[in-house]
Structures are given as C-alpha cells and as structure tokens.
Amino acid sequence: MIIWGNIELEKQEEVGDFHCPACNCERKFELLRTRDCFHLFFIPLGQGELLQERIRCQSCRRPYPVTLLAWSAPTLASPEEAARPASEFLLSNFGNVVALTDSAAEEIRRRHLEGDFETSLAVRIEPVSRADKEIAITFDTPIADGRDWLGAAHGLPLVVDRRSAPDLVGTTIDFRDGQFYRD
Ligand SMILES: [Zn+2]
C-alpha cells in the first residue's frame with residue numbers, strides 16, 4: 001500500500017529579540033512557519049507552500065502575528081536599500097517604506113471596520129501602474145519570508161511587495177477625491 005498526500009507542518013525557523021506585550025519587557029521570540037507539504041509515507045518532500053507565519057514569546061509562550069515586529073521597523077532611506085535582498089534573518093524583512101497622511105489612515109481604518117477584517121491583517125500598498133500615482137489598498141496576511149517589506153504608520157501595519165518598494169520608498173500616501181495617491 002502506498003500512502004501519500006499533503007500534511008500541514010509547523011516548524012520553528014528563526015529566533016530573535018522583541019518586546020513582548022504580555023511580559024512587558026525584552027524577550028526572545030521564535031518564528032513558527034506552517035507549510036503545506038507533500039508527503040510519501042509521512043516523510044515530507046520539499047519545502048512546501050508557506051501557509052502561515054507567527055511568532056511566539058519563548059518566556060510566556062504567547063503567540064503573536066508577525067505584524068507585531070513591524071512596530072519597531074527602521075525607516076528605509078533609499079531605493080537601493082528597498083531593493084536589497086532579504087537576508088536569512090527575519091528582522092531584515094521589516095522596514096518602513098511609506099508614510100500615511102491623516103486622511104489616508106482614516107480612510108483605511110474606515111474600510112477595515114466596514115469590511116470587518118481580522119486585526120492581524122496588514123494593509124498592502126501597491127502602485128496601480130508604474131507611471132501612475134494612484135495606489136491600491138488591500139487587506140492581506142503579511143508574509144515575512146522575504147517577499148514583502150513590513151512596516152507601520154499611524155498605528156497600522158503596512159506591507160509593501162519588495163518589487164514595488166524601490167518605487168514607493170520615502171513617499172507619503174494620501175487619500176483625496178475617493179482615491180489613494182502617492183506624492
Ligand atoms: Zn512573553
């Protein structure tokens with residue numbers, strides 16, 4: 001009899017330092033990644049598709065969304081910095097790429113409330129086209145595996161695709177006439 005199929009596996013992949021809200025001090029966290037893996041006789045083959053990431057405090061064992069780390073993200077200064085590849089280490093995936101005006105933050109909050117989205121979701125910011133100044137806003141699960149930059153502004157976790165980051169770095173997103181624009 002041949003047994004194969006898919007299994008979900010959660011594995012600790014990285015560790016680092018963070019401020020745990022429950023312990024209210026500096027603690028070590030571990031990053032847990034859940035992947036959907038193909039298995040043969042229950043031996044996982046390959047890396048599998050990344051389904052979820054979360055961090056867990058090694059002291060109190062409480063889990064948190066990875067967006068918690070976005071609050072301490074440094075500000076990226078140049079397109080070169082925004083384009084640099086992610087290192088192995090998780091914290092290099094965090095960097096504030098854009099800022100928000102009051103009206104943009106207010107409109108994002110309104111849409112979040114209206115859509116009844118989960119609080120662990122981040123706000124994905126994408127240019128509609130390269131030439132255009134129009135910006136598309138969606139609510140999305142952030143993935144800190146190197147595809148995205150994660151940051152925060154006005155109390156909102158923000159996520160920018162690493163490919164669009166060089167075009168957006170240092171810009172401010174505004175909301176006017178029913179649309180989001182970058183300056
Ligand atoms: Zn803790």
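**View 1. Ala152 stands opposite Pro157 in strand S9.** Welcome to a predicted model, in which local features need pLDDT of at least 70 and side-chain atom pairs count only at pLDDT 80 or more, while totals for chains, interfaces and linings use all residues. Residues are numbered from 1 along each chain as its sequence is written. Strand S8 (residues 148-153) and S9 run antiparallel, joined by six bridges. They form a hairpin with two residues between them, and His154 in the turn has a positive phi of about 50°. Here, strands (E, at least two residues) and helices (H or I, at least four) are DSSP runs, numbered from the N terminus; two strands pair if DSSP finds at least two bridges between them.

**View 2. Strand S9 also meets strand S6, in parallel.** Two bridges link S6 (residues 122-127) to S9 (residues 156-161). Look for Arg124, which stands opposite Val159 in S9.

**View 3. Strands S1, S2, S3 and S4 form an open antiparallel sheet, in the order S1-S2-S3-S4.** Its edge strands, S1 (4-20) and S4 (63-65), each pair on one side only. Neighbouring strands are turned by 40° against each other on average, direction ignored; the axes are lines fitted to C-alpha atoms, and angles run from 0 to 180 degrees between N-to-C directions. Within the sheet, S2 (residues 25-40) and S3 (residues 43-57) share 11 bridges, and Thr34 of this pair stands opposite Gln52 in S3.

**View 4. The largest nonpolar core has 37 residues.** Such a core is a set of buried Ala, Val, Leu, Ile, Met, Phe, Trp, Tyr and Cys residues joined through C-beta atoms within 7 Å, buried meaning that 20 or more other C-beta atoms lie within 10 Å of a residue's own. Val97, Ile125, Leu150, Leu158 and Val160 have the most contacts inside this core. Leaving aside neighbours within four places in sequence, Leu150 is in contact with several residues, including Val66, Phe94, Pro157 and Val159.

Note on methods:
A residue is buried if 20 or more other C-beta atoms lie within 10 Å of its own, exposed if 12 or fewer, and partly exposed in between; C-beta atoms are placed from the backbone. Two residues are in contact if their C-beta atoms, placed from the backbone, lie within 7 Å.
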